[in-house]
Amino acid sequence: MKNLLKEIDALHSSLEDHLVYKKIEDIDSLKVFMQYHVFAVWDFMSLLKSLQREITCVEVPWRPSKYSKEIVRMVNEIVLGEESDLDKEGRACDHFSLYLSAMEEVGASTLAIRDFLENYEMNDLPSEVKSFVSFNLNLALGNEPHKVAAAFFFGREKLIPDMFTGLLSYIKNEEINCPTLIYYIERHIELDGDEHSILAKKCLEELCGGDEKKLAAAYEIGKQSLELRVKLWDGVLRELSSESPLAYN
């Protein structure tokens with residue numbers, strides 16, 4: 001497990017300052033990035049709702065959760081923020097819809113993600129997007145909550161503040177006009193960089209329950225989550241380096 005944690009740390013570090021961020025030099029390159037990234041914004045919610053289903057009670061008749069009230073509160077707080085946060089005008093808005101608004105603001109096409117949400121058909125999506133989304137959906141729809149918690153912690157709550165800090169610095173350095181996206185990124189750095197990461201780790205530990213086999217499996221899932229994020233960003237990088245990047249109309 002020590003070797004797995006070293007690999008996880010190395011992957012985490014590689015995502016903090018991935019080369020793709022340096023390629024985001026203008027609105028056009030930002031559009032390509034967002035047309036990939038929106039799928040990760042969307043499938044985050046399936047991981048979160050899977051944890052909510054396991055850790056809190058979403059059934060009738062209601063019964064108290066068997067888990068600690070600390071992680072029950074954490075999950076409910078994150079759901080509250082993700083499904084009904086405030087946008088930069090102070091209106092209630094879920095983060096996925098906020099990201100779609102950010103895409104529309106810069107003229108990025110939302111056709112691919114909207115078509116996908118009609119029937120969940122992945123055949124026309126880039127292979128890196130398919131692999132990333134399939135992995136997370138399979139976890140969310142499965143019956144191994146400790147693995148969901150691992151993807152949620154290592155691949156999202158622990159990673160996002162550091163990853164978004166690197167992305168944000170390049171967007172601001174290039175003076176790209178995308179106020180809604182900047183608000184979205186800054187909001188996630190604020191929320192995930194505070195207590196959510198610490199509590200997400202506690203959630204993972206509680207779901208593993210001291211079982212070394214579960215913990216080892218969770219670390220492996222954490223590693224795979226980060227590897228798939230690297231591949232997703234590598235796919236964006238190839239598109240941005242191509243003479244004819246992918247265009248959704």
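Visitor: Which residues touch the most other members in the largest nonpolar core?
Guide: I171 and L181 do, in a core of 90 residues. A nonpolar core here is a set of buried Ala, Val, Leu, Ile, Met, Phe, Trp, Tyr and Cys residues joined through side-chain atoms within 4.5 Å. Buried means under 20% relative accessible area, exposed means over 50%, and partly exposed is in between, with a 1.4 Å probe and protein chains only.

Visitor: Which helix gives the most to this core?
Guide: Helix α3, residues 27-55, with 16 residues. Helices are DSSP runs of H or I with at least four residues, numbered from the N terminus.

Visitor: Before I go on, what are the ground rules?
Guide: This is a predicted model: local features need pLDDT of at least 70, side-chain atom pairs count only at pLDDT 80 or more, and totals for chains, interfaces and linings use all residues. Residues are numbered from 1 along each chain as its sequence is written, and side-chain values use heavy atoms, with hydrogens and water left out.

Visitor: Back to L181. What is it in contact with?
Guide: L30, M34, Y99, A102, E105 and I171, leaving aside neighbours within four places in sequence. Contact means heavy atoms within 4.5 Å.

Visitor: Y99 and A102 sit in which helix?
Guide: In α5, where both are buried. H95, F96, L98, L100, M103 and V106 of α5 are buried too.

Visitor: What span should α5 have, and what do its ends give?
Guide: Its twelve residues should span 16 Å at 1.5 Å a residue, and the end C-alpha atoms are 17 Å apart, which agrees. The expected span is 1.5 Å times one less than the number of residues.

Visitor: What caps the N-terminal end of α5?
Guide: D94 does. One of its side-chain oxygens lies 3.1 Å from the backbone nitrogen of F96. After α5 comes G107, with a positive phi near 85°.

Visitor: And H95, buried or exposed?
Guide: H95 is buried, because its relative accessible area is 1%. Its side chain reaches the backbone oxygen of G81 at 3.4 Å.

Visitor: At what angle do α5 and α6 pack?
Guide: About 145°, with axes 11 Å apart. Axes are lines fitted to C-alpha atoms over the stretch in contact, and angles run from 0 to 180 degrees between N-to-C directions. F96, L100 and E104 of α5 meet I113, R114 and L117 of α6.

Visitor: New topic. Where is the cis peptide bond?
Guide: Between V60 and P61, with omega about 0°. P61 is in the loop between α3 and α4. Most peptide bonds are trans.

Visitor: What is the phi of Y120?
Guide: Positive, about 55°, although Y120 is not a glycine. Y120 lies in the loop between α6 and α7. Y120 counts as partly exposed because its relative accessible area is 49%.

Visitor: And E175, what phi there?
Guide: Also positive, about 55°, and E175 is not a glycine. E175 is in the loop between α9 and α10. E175 is exposed, because its relative accessible area is 71%.

Visitor: Last one. Is L47 buried or exposed?
Guide: L47 counts as buried, because its relative accessibility is 0%. L47 is found in helix α3. Among the residues L47 touches are N136, L139 and F152.

How values were computed: Helix = DSSP H or I, 4+ residues; strand = E, 2+ residues; numbered from the N terminus. Polar contact = N/O pair within 3.5 Å; in protein donor to acceptor, adjacent residues only side chain to side chain.
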